[in-house]
Amino acid sequence: MVATMIDGIIEALRIGVGFLWTAAWAIIMGLTVTSLVQVYVSKERMAQVLGDGNLGGLTKATAFGAASSGCSFGAVAIGKGLFKKGAHAVNFFAFMFASTNLIVELGLMILILLGWEFLLAELLGGLILIAVMAVLVHLTLPENLFDEVREALNERDRESGVTEDPTCGMEGSDEYTLTTDGGETLEFCSEGCMETYRQETSSRGGWRDELLSWGGWYKVGNQYRKEWSMIWKDVIAGFLISGFVIVFVPQWVWNTLFIQGDGLLVTAENAIMGVAIAVISFVGSMGNVPFAVALWGGGISFAGVIAFVYADLITIPVLNVYRKYYGWKVMLYILGVFFVTMAFTGFLMELLFDAFGIVPDLAGGETATEQTYFELNYTFYLNLIAFVLSGFLLYVYRRGLGAPGQYRDPVCGMRIDDSEPAATHDGETYYFCSQTCKETFEEDPDEYATGHPMVMEGHDH
């Protein structure tokens with residue numbers, strides 16, 4: 001019994017890590033493209049997606065969301081910033097849907113793990129999700145309740161001294177402040193956002209010039225790091241959980257939860273159950289894609305699987321964030337509107353794809369178990385290229401090549417300002433990017449002290 005359990009755990013880990021290996025290059029390449037878009041594509045300011053819930057505002061919110069990819073929690077936090085500024089509920093809901101469904105890295109991972117049919121359903125369905133949601137909200141929105149919650153939210157933040165990061169719209173912190181030329185003090189949620197703002201405001205030249213400079217690649221590396229920091233936990237959890245689900249959940253469980261057969265009622269039940277499983281799965285963002293592979297391998301219908309993928313914005317942890325932000329009534333309203341929207345869109349996708357004859361055949365339960373993941377094939381070479389690219393971006397960021405600041409951290413080499421942690425040695429003051437680097441320096445200052453803490457212009461390009 002114990003040996004069987006150990007074998008099962010090893011097999012589950014093999015499948016989970018195998019899925020991650022298969023999709024690694026797509027995730028890295030997708031995040032790189034996203035970082036380039038975030039840094040170099042001129043996006044309209046948040047204020048431009050605010051206002052009335054008309055078609056123009058809806059379109060802008062969708063475009064801004066698609067260019068502002070991130071984890072479910074990041075989308076919800078930025079959505080809160082939009083709501084506080086006066087965004088109509090339709091607009092900030094559309095932003096959240098777009099930023100979790102219409103993004104490059106998610107699309108690549110779906111294509112690799114589930115196939116082109118699911119990718120098409122994700123992209124087309126992402127737009128239909130927004131359209132269906134907009135209709136539901138316009139028919140049911142309790143505007144007085146939302147106005148009261150917005151006013152209470154702003155008042156609460158004013159009383160508690162909460163400020164908003166001008167880069168991402170999330171909650172700012174007095175640990176990361178910057179004074180503008182006009183004397184205004186801005187607060188940021190992280191050092192990364194503060195550096196991004198500083199780079200944007202000091203940027204000169206077009207994107208081609210930027211990509212030929214270390215400063216331009218520093219921006220991309222900084223954004224790439226931020227993208228990874230938002231999703232890595234969900235990604236790893238999703239892949240590992242999928243392996244255990246495939247190995248340890250017996251087929252009768254899926255047959256009990258999801259009605260088998262044909263017909264509209266079966267399709268509808270599967271779509272509803274797919275969303276319900278997503279709510280209690282605790283896996284959001286891109287982590288729900290490998291979980292969806294497990295569902296597909298268990299014989300769940302197309303409607304159930306794609307509805308599950310849509311539903312990362314109403315997992316229990318995300319619902320708890322809605323409750324903290326807006327209260328129970330608004331949280332329940334969001335749950336109701338999103339649940340109906342996601343289940344209906346999953347149902348509609350299967351009917352539409354069935355009409356065109358492109359619903360893929362149900363996957364066999366043995367596919368993941370029988371597959372060999374680690375081979376010297378195209379996946380290996382694509383991963384090798386992706387890892388080199390990832391290493392380059394993180395190296396540029398970590399070394400601070402082209403970053404703003406007149407001092408260089410003697411431990412890691414990153415360029416910084418004199419507002420960072422500091423230490424004195426042999427009459428010279430050295431500045432550090434973090435407390436960790438400062439402590440490393442203090443343990444053996446002779447190893448790191450150079451006598452030239454300031455950046456030597458002309459030697460940094």
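Biologist: Which residues does N101 touch, leaving out those up to four places away in sequence?

Modeller: The model is predicted, and local features need pLDDT of at least 70, side-chain atom pairs count only at pLDDT 80 or more, and totals for chains, interfaces and linings use all residues. Residues are numbered from 1 along each chain as its sequence is written, and side-chain values use heavy atoms, without hydrogens and water. Contact means heavy atoms within 4.5 Å. By this criterion, N101 touches L106, E122, G126, L129, V309 and Y310.

Biologist: Is N101 buried or exposed?

Modeller: N101 lies in helix 4, residues 89-101; helices (H or I, at least four residues) and strands (E, at least two) are DSSP runs numbered from the N terminus. Buried means under 20% relative accessible area, exposed over 50%, and partly exposed in between, with a 1.4 Å probe and protein chains only. Since its relative accessible area is 1%, N101 is buried.

Biologist: Which residue has a side chain in polar contact with that of N101?

Modeller: A polar contact is a pair of N or O atoms within 3.5 Å; within protein, one must be able to donate a hydrogen and the other to accept it, and residues adjacent in sequence count only if both atoms are side-chain atoms. At 3.4 Å, the side chain of N101 has such a contact with that of T100.

Biologist: How are the ring planes of F92 and Y326 arranged: stacked, edge-to-face or tilted?

Modeller: Rings of Phe, Tyr and Trp (its six-membered ring) pair if their centres lie within 6.5 Å; planes under 30 degrees apart count as stacked, over 60 as edge-to-face and the rest as tilted. For F92 and Y326 the centres are 6.1 Å apart and the planes stand at 45 degrees, so the pair is tilted.

Biologist: How many residues apart in sequence are the parts tied together by the pair of F97 and F338?

Modeller: This aromatic pair is also tilted, at 4.7 Å centre to centre and 40 degrees between the planes. F97 counts as buried at 1% relative accessibility, and F338 does so at 0%. Because F97 lies in helix 4 and F338 in helix 16, the pair ties together parts whose separation in sequence is 241 residues.

Biologist: What percentage of the residues of the protein chain count as buried?

Modeller: The protein chain contains 20 helices and six strands. Of its 461 residues, the share that count as buried is 52%.
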